[in-house]
Amino acid sequence: MRLIDTFFNARVFAETLPLLLRGLWITIELGVASIILGLILGLFLSLLRLFAAPPLQFLARIYIDIFRSIPLLVLLIVIYYALPFVGIRLSPFAAATAALTLVSGAYTAEIFRAGIEAIPRGQFEASMALGLSWRQMMVDIILPQAVKIVIPPLTNNCINVVKDTALASVVAMPDLLKQATQAQALAANPTPLIAAAVIYVAILWPLVVLVSRFERKMKVGSR
Amino acid sequence: MAPIITMTSVRKRFGSFEALRGIDLEVAEGEVLCIIGPSGSGKSTLIRCINLLETYDEGRIAVDGIEVRPGKALQAVRREVGMVFQSFNLFPHLTVLRNVMLAPMRVRGLAPAEAEAKARELLKRVGISEQAEKYPGQLSGGQQQRVAIARALAMEPRVLLFDEPTSALDPEMVGEVLDVMRSLARTGVTMIVVTHEMGFARQVGDRVLFMDGGMVVESGTPQQLFDSPREERTRAFLKAILQH
């Protein structure tokens, strides 16, 4: 009984739920913004990495390698606490979005690159032979096929981004985790933390299931 | 009449291997030219240089007076030169109809309705009208290759390049593709066909060209080349393939 009172306290849960939901909303905003910006950045980087002039290809590769190596928490703290020394002062939301986007973009770039490289040469040749411009070839022929191939790893990356939003609580971002820790302090009871954990799982579990389903379908070989 | 394709001393190297060792060739408008020769003789490389899917190192190629080289003019060349590949290279994520409609809409700026009408007509011509809404993966190899021909024709090219169009097909499907090509030849479009189908080259070709080792060994009318080849290498090649 004591256990239930401590971890699953209904009264505390009811009292702190509005706070948690406000935090959840911010977590979702942060996740969605970072995912979309990361996709755009990743696509851009992958195209540079594959098709740009050699110096730009090299720079894209360096970028991708650096941002896949740096721990997200370190990057976040550098952006939020170090950049103000050179006059760049970002809000917690902007700092967290920037850090998540920069890292997600690097991973996404590698995912897109793998997808584009998996498209047979003949698809490029047929497009060129028909007189399509490079841009038309990418938009109409190559990317639609490449994106289809990389939907499972892209979804995986989205899951990671949403999970990593929790790190934003260290820069005083009132996201789900931050609200939960505050609610816990307020109520002197860990129920809000448990509730936060359950909420994270509840929104990410469906995505995890979706990825497994994609992967199973790919293995069967739809076409 | 001025030739539609002119190649002058064209050379192409892959590393230390010389794939084309000085090709001089003129193709007249409306001509059907068949290129035969052993694998590795440079015949595919030769036609792939005409629309610059392969770059060449020396010499000059011109299509309808436009020099074939990287840059703005290349689009103009590719608009006039259609290509059919050994492995079809249809776009698997688009329906048969969309495969044929795409380039006329994007490159020629045709309205969708106009492009669709034309695509349906071409699909009818190659005998695939019932499959228009299917995806390439649902068709047989022979049907896919006929769609690929329709796709190339939709751009109304003045020259059609065929890169071993029947080599990837099951034997029973070769005939249907050759039939389409045969009827095309009668329409007066310029065709360059790299092929191992000697019967087709003999019946349909205006001229046959034998290549070996990156060079044109000899060329002539089908009768000349098949019945009284001048060069020893041509004789040896023909003997080897006609024996079985």
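A: Let us begin with secondary structure. Helices (H or I, at least four residues) and strands (E, at least two) are DSSP runs, numbered from the N terminus. Chain A has 9 helices and 0 strands, and its pattern along the sequence reads α-α-α-α-α-α-α-α-α. This is a predicted model, in which local features need pLDDT of at least 70 and side-chain atom pairs count only at pLDDT 80 or more, while totals for chains, interfaces and linings use all residues. Residues are numbered from 1 along each chain as its sequence is written, chains are lettered from A and ligands numbered from 1 in the order in which they are written, and side-chain values use heavy atoms, with hydrogens and water left out.

Q: How many helices and strands does chain B have?
A: Chain B has 9 helices and 10 strands. Its radius of gyration is 18 Å, close to the 18 Å that the globule rule gives for 244 residues, so chain B is as compact as a globular protein of that length. The radius is taken over C-alpha atoms, and the rule is 2.2 Å times the number of residues to the power 0.38.

Q: What do the C-alpha traces of chain A and chain B span along their principal axes?
A: The trace of chain A spans about 70 × 50 × 25 Å. For chain B the spans are about 55 × 45 × 35 Å.

Q: What percentage of the residues counts as buried in chain A and in chain B?
A: Buried means under 20% relative accessible area, exposed over 50%, and partly exposed in between (1.4 Å probe, protein chains only). By this rule 43% of the 223 residues of chain A are buried, and 55% of the 244 residues of chain B.

Q: What share of the accessible surface belongs to carbon and sulfur atoms in chain A?
A: Accessible areas come from the Shrake-Rupley method with a 1.4 Å probe; for residues, only the protein chains shown count as cover. Chain A has about 11800 Å² of accessible surface, and carbon and sulfur atoms hold 71% of it. Chain B exposes about 10300 Å², with 48% supplied by these elements.

Q: Which residues have the most contacts inside the largest nonpolar core?
A: In soluble globular proteins, nonpolar side chains tend to be buried together. A nonpolar core is a set of buried Ala, Val, Leu, Ile, Met, Phe, Trp, Tyr and Cys residues joined through side-chain atoms within 4.5 Å. The largest one here has 52 residues, and B:Ile36, B:Leu123, B:Ile149, B:Phe162, B:Met181 and B:Met191 have the most contacts inside it. Helix H6 (residues 171–185) of chain B gives the most to this core, with 8 residues. A second, separate core of 51 residues includes A:Phe124, B:Met7, B:Ile35 and B:Val77.

Q: Is B:Leu209 buried or exposed?
A: B:Leu209, in strand E9 (residues 207–212) of chain B, is buried, with a relative accessible area of 1%. Contact means heavy atoms within 4.5 Å. Leaving aside neighbours within four places in sequence, the contacts of B:Leu209 include B:Leu25, B:Leu33, B:Ile36 and B:Val216.

Q: Is A:Leu59 buried or exposed?
A: A:Leu59, in helix H3 (residues 54–69) of chain A, is exposed, with a relative accessible area of 53%.

Q: What is the phi of B:Leu52?
A: Most residues other than glycine have a negative phi. The phi of B:Leu52, however, is near 60°, a positive value in a residue other than glycine. B:Leu52 lies in the loop between helix H1 (43–50) and strand E4 (58–63) of chain B and is buried, with a relative accessible area of 9%. Another case is A:Ala172, with a positive phi near 65°. A:Ala172 belongs to the loop between helix H7 (134–164) and helix H8 (176–187) of chain A, and at 48% relative accessibility A:Ala172 counts as partly exposed.
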